[in-house]
Amino acid sequence: MAIRLIPQVASLLFLLHSVILAKALTLDVKHYGVKVDGKTDDSQAINKAWKDACAATNATTLRIGKGNYMVSKMAFQGPCKSPLTVDFQGTFKAPSNAKNYKNQEWVSFTNLNGLTLFGGGTFDGQGAVAWSINNCAKTGKCGSLPNNLRMTGLTNSIIRDITSLDSKLFHINIINCKNLTLERITITAPESSLNTDGIHIGRSTGVNITSATIKTGDDCVSIGDGAQQINIEKVTCGPGHGISIGSLGRYHDEQPVVGITVKNCTLTSTMNGVRIKTWPASPSGLASNMRFENIIMNNVSNPIMIDQQYCPYSQCEAKIPSRVKISDVSFSGIRGTSATQLAVKLVCSKGIPCQNVAVGDINLAYNKGQATSQCANVKPQVRGSVVPAPCTEQYTSP
């Protein structure tokens, strides 16, 4: 005998069915044949799990549990059909031999909207061998080694509680992203590791970095061309080369850098503090609306710097002025100790002097004598106490 459901019951069953279908899905890579022995390449198994997660129409979590995964190359490629969460608890280990790579990608996240990556996991680039053969200092060509993490085209995404260890080149490279937040990121490599920038941001808008601990062999955070509305807060940096905007002006058609805020950070024993650097003999460019606030310097060389004569490896025409226009810059609430006597260096371009540069509430001491300042092609506005005394009268051309 046929059973006829009353409309209310039918509606309830349909609603329950809809709830079941909408329930978040969790896919675990252990069901896809990973070995997790730190020796066998698990890339294909993880890639298969990712493709299933990316194809799911419901909110999906990809779980990568604890253990050591040997990963030759991993591309988390979108677009996907729904926002994805990656619960990454394990350790990805890269092959130590840098010759296996022909580009700058080891693990990449590309063209994803609504990605959440978290879990306390580690990306171990095993970079020691690569550092020993890096000849960037002699050739100036540093792009043949892979980054630990490359994030390209991410939108409305959050990365939190992950570690990048011993990258062969940059640890985290962020390109063409929008509304991306990085929280509680740990980056670790020895001071001797060449060109291992902690976090590099280029051609991206609305990137927020907060509560990061970065120890590396190059800039803790570096800002490239096209970066706009970038907020860097509560970063602990050192060892490393400091927090840098630039270098800018090396290439044609670079996009403007606008709206950079660095605040509430602590730098310890770094090669530089906070700086803006551009190449001489550069194409035209623009960097404006940049604020450095409430920063502690502990034994930092060059704590405050604008350097428009940046010329590493002597690969430029240093006598030709930079054509990158720097304007609307403020340094305030910066205190601590300088490892060098020259604590404040503001050397701008002879061709296009800096405009609207302000310094205030600065207190930097040099333990071997009196700290000094240097200015060229800039008339800084002084707001409140500044130690060392600002060089307002030294408007000179180098």
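Colleague: Why is aspartate 219 called buried?
Modeller: Its relative accessibility is 2%. Buried means under 20% relative accessible area, exposed over 50%, partly exposed in between (1.4 Å probe, protein chains only). At 2%, aspartate 219 therefore counts as buried. This is a predicted model, in which local features need pLDDT of at least 70 and side-chain atom pairs pLDDT 80 or more, while totals for chains, interfaces and linings use all residues. Residues are numbered from 1 along each chain as its sequence is written, and side-chain values use heavy atoms, without hydrogens and water.

Colleague: What makes aspartate 219 and arginine 275 a salt bridge?
Modeller: Their closest N and O atoms are 3.2 Å apart. The term asks for a side-chain nitrogen of Lys or Arg within 4 Å of a carboxyl oxygen of Asp or Glu, so the pair qualifies. Aspartate 219 lies in the loop between β16 (205-215) and β17 (221-223), and arginine 275 in strand β21 (residues 274-278), so the bridge ties together parts 56 residues apart in sequence. Strands (E, at least two residues) and helices (H or I, at least four) are DSSP runs, numbered from the N terminus. Arginine 275 is buried too, at 6%. Asp219, Arg275 and Lys277 are linked in a network of salt bridges.

Colleague: How many salt bridges does a search of the whole structure find?
Modeller: Nine. One of them joins arginine 160 to glutamate 183, with the closest N and O atoms 3.2 Å apart. Arginine 160 is in strand β10 (residues 149-160) and glutamate 183 in strand β13 (residues 178-183), 23 residues apart.

Colleague: Why is arginine 160 called partly exposed?
Modeller: Its relative accessible area is 24%. That lies between the 20% and 50% limits, so the label is partly exposed. Glutamate 183, at 21%, gets the label partly exposed as well.

Colleague: How do you know that cysteine 54 and cysteine 80 form a disulfide?
Modeller: Their sulfur atoms are 2.0 Å apart. A disulfide is a pair of cysteine sulfur atoms within 2.5 Å, so this pair passes. The torsion about the S-S bond is about -105°, so the disulfide is left-handed. Cysteine 54 sits in helix α2 (residues 43-55), and cysteine 80 in the loop between β4 (74-77) and β5 (84-88). A search of the whole structure finds four disulfides.

Colleague: Is cysteine 54 buried or exposed?
Modeller: Buried, at 10% relative accessibility. Cysteine 80, at 21%, is partly exposed.

Colleague: What is the handedness of the link of cysteine 375 and cysteine 391?
Modeller: Right-handed, with 60° about the S-S bond. Cysteine 375 lies in strand β27 (residues 372-376) and cysteine 391 in the segment after β29 (386-387), 16 residues apart in sequence. Their sulfur atoms are 1.8 Å apart, and both cysteines are buried.

Colleague: Why is cysteine 265 in no disulfide?
Modeller: The nearest cysteine sulfur, that of cysteine 237, is 8.5 Å away. The limit is 2.5 Å, so cysteine 265 has no partner. Cysteine 265 is buried, at 1%.

Colleague: What is the mean pLDDT of the chain?
Modeller: It is 91, and 89% of the residues reach 70 or more. Over residues 12-22 the pLDDT is below 50. pLDDT is the predictor's confidence in each residue, from 0 to 100. Where it is low, the predicted coordinates should not be read in detail.

Technical notes
Contact means heavy atoms within 4.5 Å.
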